[in-house]
Amino acid sequence: MSMKVPYFDLQAQIRALRPELDAAIARTLDQCSFCLGPDVAAFERDFAKFSGAAHAVGFNSGTSALHVGLLLLDLKPGDEVITTPFTFVATSWAISYVGAKPVYVDIDDATCNLDPAKVERAITPRTKAIMPVHLYGQSCDLAPLAALAKKHGLHLVEDAAQAHGATYRGQPVGTVGAVAGFSFYPGKNLGACGEAGALIMADAALAERARALREHGSRTRYYHDEIGYNYRMEGIQGAVLDVKLKHLAAWTAARRRIARRYTELLKGSPVKLQTELSGCEGAWHLYVVRHARRDELRAHLEKQGIGTGLHYPHPLHLQKCYADLGYRAGDFPVTEAAARECLSLPIYPELPDAQVEHVAREVRAFFGA
Ligand SMILES: *Cc1c(COP(=O)(O)O)cnc(C)c1O
């Protein structure tokens, strides 16, 4: 049976929300509130509530949010931040932007998230923070990381760019660390109609400084207390995001349903499936399977009209831009195997059941299973 299954498709979501989005954008146009403004403020209040945080601060991307997140902790050149080499590069950009050094630690084979058991031996007198990522929308094991941070006097910063609505033992991700960054890139679980991001935090003073840093380091117009940035969220993105946020819980439930269906259908097949930590609920930004014959499997699915993705095929410790960190192939064997084996199957809230079944059937067909 031939059936086209796109890897990702935003059109159904935008079509369904079109009247609401049109009205929200029209209101922003009428107000001419294009940079920050009331729509961004309303979204910040609603996103803080959704995330279980006292404060949310909107940014013009997830990358700029993470950058400011590290500035808030007064990281300086020479400082080290322990993080994962198996993520989108922007996690490490934030560390580099403040002049600190990413120190990579290998991932856990079952979850593809930073392995807490390997973190302690990477801590040096220069270590200032631990920055885990909730990769694919699955919470990483935060309790041991928080315990290590406390024991060694380090900050814990969460990259929750893929994990809106995920929980760690009943607690929303992003609320365990001092500060957490989210991305609203259009393809994320909550996506703007353009670029956007946010920080969440419990501490009012950190939130106040984040607001100043995103707006030219300014608290009072034309007074610049410290060197700042133009990292403001656009008014239209705030309006769009506030409309979409109302649907996020339902979308997350749909992603979880699709993930459960894939897992049922692929259980016992040769591909290795993602594991959720017990007591944690993932946001299922991606549904990733692993196999040594990943490239052949991908080509087979492609031939059947099924789109797939790779997250991420080139680990950060082997990127040219980080050559001066001195890492080599073989330094992080679990990461390097995951990079060779991971394959992201189509998952988005509107993906029809019949297509999920078709994808799973074709994965099995490739192996003759
Ligand atoms: C998307 C993403 C970012 C960066 O967010 P942008 O909004 O694209 O700048 C950072 N970290 C991770 C893990 C991401 O997936």
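Ile 130 is located in strand β4, which covers residues 127-131. The relative accessible area of Ile 130 is 0%, so this residue is buried. The model is predicted.

**Ligand site: shell composition**

- The ligand has 15 residues around it, and those that come nearest are Gly 62, Thr 63, Asp 159, Ser 183 and Lys 188.
- Sorted by class, the shell around the ligand consists of seven polar, six nonpolar and two charged residues.
- Two helices, α3 (62-71) and α4 (90-97), each supply at least two residues of this shell.
- Helix α3 gives the most to the shell, namely three residues.
- The space that the ligand takes is the largest pocket.

**Ligand site: atom distances and burial**

- On the protein backbone, an N or O atom of Gly 62 lies 2.8 Å from an oxygen atom of the ligand.
- In the side chain of Thr 63, an N or O atom is 2.5 Å from a ligand oxygen atom.
- For Ser 183, the corresponding distance between a side-chain N or O atom and an oxygen atom of the ligand is 2.6 Å.
- The ligand taken alone exposes 380 Å², and the protein buries 93% of that area.

**Glu 195 and its distance to Ser 183**

- Glu 195 belongs to the loop between β8 (179-183) and β9 (197-201).
- The relative accessible area of Glu 195 is 46%, so the residue counts as partly exposed.
- Glu 195 and Ser 183 are 12 residues apart along the chain, with their C-alpha atoms separated by 8.3 Å.
- Ser 183 is also one of the residues that come nearest to the ligand.

- Phe 86 is in the loop that runs between β2 (80-83) and α4.
- With a relative accessibility of 1%, Phe 86 falls under the 20% limit and is therefore buried.
- Between Phe 86 and His 317 the C-alpha to C-alpha distance is 8.7 Å, while their separation in sequence is 231 residues.
- Val 356 is part of helix α11, residues 353-367.
- Val 356 has a relative accessible area of 0% and is therefore buried.
- The C-alpha atoms of Val 356 and Glu 296 are separated by 20 Å, and these residues are 60 apart along the chain.

- Arg 290 lies in strand β13, which spans residues 287-290.
- The relative accessible area of Arg 290 is 7%, so Arg 290 is buried.
- The side chains of Arg 290 and Glu 341 make a polar contact at 3.0 Å.
- Glu 341 is within the residue range of helix α10 (333-341).

**Backbone geometry**

- The peptide bond that leads from His 311 to Tyr 312 is cis, and its omega is near 5°.
- Tyr 312 sits in the loop between α9 (294-303) and α10 (333-341).
- Leu 36 is not a glycine, yet has a positive phi of about 55°.
- The loop that holds Leu 36 lies between α1 (11-31) and α2 (38-51).
- Leu 36 has 11% relative accessibility and so counts as buried.
- Cys 112, also not a glycine, has a positive phi of about 65°.
- Cys 112 is placed in the loop between β3 (101-104) and α5 (116-119).
- The relative accessibility of Cys 112 is 6%, which means that Cys 112 counts as buried.

Notes:
Residues are numbered from 1 along each chain as its sequence is written. This is a predicted model: local features need pLDDT of at least 70, side-chain atom pairs count only at pLDDT 80 or more; totals for chains, interfaces and linings use all residues. Side-chain values use heavy atoms; hydrogens and water are left out. A residue is near a molecule or strand if one of its heavy atoms lies within 4 Å of it. A polar contact is a pair of N or O atoms within 3.5 Å; within protein, one must be able to donate a hydrogen and the other to accept it, and residues adjacent in sequence count only if both atoms are side-chain atoms. Accessible areas come from the Shrake-Rupley method with a 1.4 Å probe; for residues, only the protein chains shown count as cover. On a 1 Å grid over the protein atoms alone, a cavity is a set of points where a 1.4 Å probe fits but cannot get out, and a pocket is an open set with protein on both sides within 12 Å along at least five of seven lines; lining residues have an atom within 4 Å of a point. A molecule sits in a cavity or pocket if more than half of its atoms lie within 2 Å of its grid points. Helices (H or I, at least four residues) and strands (E, at least two) are DSSP runs, numbered from the N terminus. Ala, Val, Leu, Ile, Met, Phe, Trp, Tyr, Cys and Pro count as nonpolar, Asp, Glu, Lys and Arg as charged, and the others, Gly among them, as polar. Buried means under 20% relative accessible area, exposed over 50%, partly exposed in between (1.4 Å probe, protein chains only).
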